[in-house]
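Hi,

Here is the structure I promised to pass on.

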Amino acid sequence: MLALLVCLTVDPFERASFSVCLFNNVTGLPCAACGLTRACIYLAHGQIAHAAKMNPLVFPVTLLLLLQFFRLCILLATSVDYQLSPDKITTRILIGLATAAVCATWLAKLGVL
């Protein structure tokens, strides 16, 4: 919830003169997550197209964060911890899809795709 409030108060058009990305600072290349913070800020301001342009991983990341937030709310309200326990095949498929999405995003940021 705090992250959402911060995203709503930050101006998405303001350009920072520095990068907090260690990979970018060391190599000069963008990482797969570069632009994800700004994408979250654009998404919080309702600018979906800008968010997708900054980093398309903003949508699954935001979904996972919201699911964790609701899980925490349910845990605090009921003391019941709901957890998904997918089987091994489903877990491997999800990990493979996540890895492919991160790799595709990174290659697109590098200009390969």
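This is a predicted model: local features need pLDDT of at least 70, side-chain atom pairs count only at pLDDT 80 or more; totals for chains, interfaces and linings use all residues.

Below is what I found, going from the overall fold down to single residues.

**Overall picture**

The protein chain has 6 helices and 0 strands, so to read it from the N terminus is to go α-α-α-α-α-α. Of its 113 residues, 16% count as buried. The accessible surface comes to about 8,600 Å², and carbon and sulfur atoms hold 72% of that. As for contacts with a separation of 6 or more, 46% of them are between residues 24 or more positions apart.

**The core**

Which residues make up the largest nonpolar core? There are 7 of them: Leu36, Ala39, Cys40, Tyr42, Ala51, Leu57 and Val58. Helix α3, covering residues 36-44, gives the most to this core, with 4 residues.

Not counting residues up to four places away in sequence, Leu57 touches Ala32, Leu36, Ala101, Val102 and Thr105. One of those, Leu36, is a member of the core as well.

Helix α6 takes in residues 88-110, and I checked its length. At 1.5 Å a residue, its 23 residues should span 33 Å, and the end C-alpha atoms are 33 Å apart, so the two agree. After α6 comes Gly111, with a positive phi near 85 degrees.

There is also a nonpolar patch on the surface, formed by Phe23, Leu29, Trp106, Leu107, Leu110, Val112 and Leu113. Together these residues have about 630 Å² of accessible area. Which element gives the most to the patch? It is α6, with 3 residues. Trp106 lies in that helix. Is Trp106 buried or partly exposed? Its relative accessibility is 34%, so Trp106 counts as partly exposed.

**From α5 into the loop**

The other place I would zoom in on is helix α5 (58-78) and the loop between α5 and α6, where Ser79 lies. Ser79 is not a glycine, yet its phi is positive, at about 65 degrees. With a relative accessible area of 63%, Ser79 is exposed.

How many salt bridges are there? The count comes to 1. The side chains of Arg71 and Asp81 meet in a salt bridge, at 2.9 Å from N to O. This pair links distant parts of the chain, with Arg71 in helix α5 and Asp81 in the loop between α5 and α6, 10 residues apart. Both partners count as partly exposed: Arg71 has 27% relative accessibility, and Asp81 has a relative accessible area of 38%.

Ile74 is also found in helix α5. Leaving aside neighbours within four places in sequence, Ile74 is in contact with Ser79, Val80 and Tyr82. Ile74 itself counts as partly exposed, because its relative accessibility is 37%.

That's the tour; write back if you want to go through any of it together.

Cheers

Technical notes. Residues are numbered from 1 along each chain as its sequence is written. Side-chain values use heavy atoms; hydrogens and water are left out. Helices (H or I, at least four residues) and strands (E, at least two) are DSSP runs, numbered from the N terminus. Buried means under 20% relative accessible area, exposed over 50%, partly exposed in between (1.4 Å probe, protein chains only). Contact means heavy atoms within 4.5 Å. Accessible areas come from the Shrake-Rupley method with a 1.4 Å probe; for residues, only the protein chains shown count as cover. The expected span of a helix is 1.5 Å times one less than its number of residues. Patches are made of residues with over 30% relative accessible area and no salt bridge: like charges are joined within 9 Å, nonpolar side chains (Val, Leu, Ile, Met, Phe, Trp, Tyr) within 5 Å. A salt bridge is a side-chain nitrogen of Lys or Arg within 4 Å of a carboxyl oxygen of Asp or Glu. A nonpolar core is a set of buried Ala, Val, Leu, Ile, Met, Phe, Trp, Tyr and Cys residues joined through side-chain atoms within 4.5 Å.
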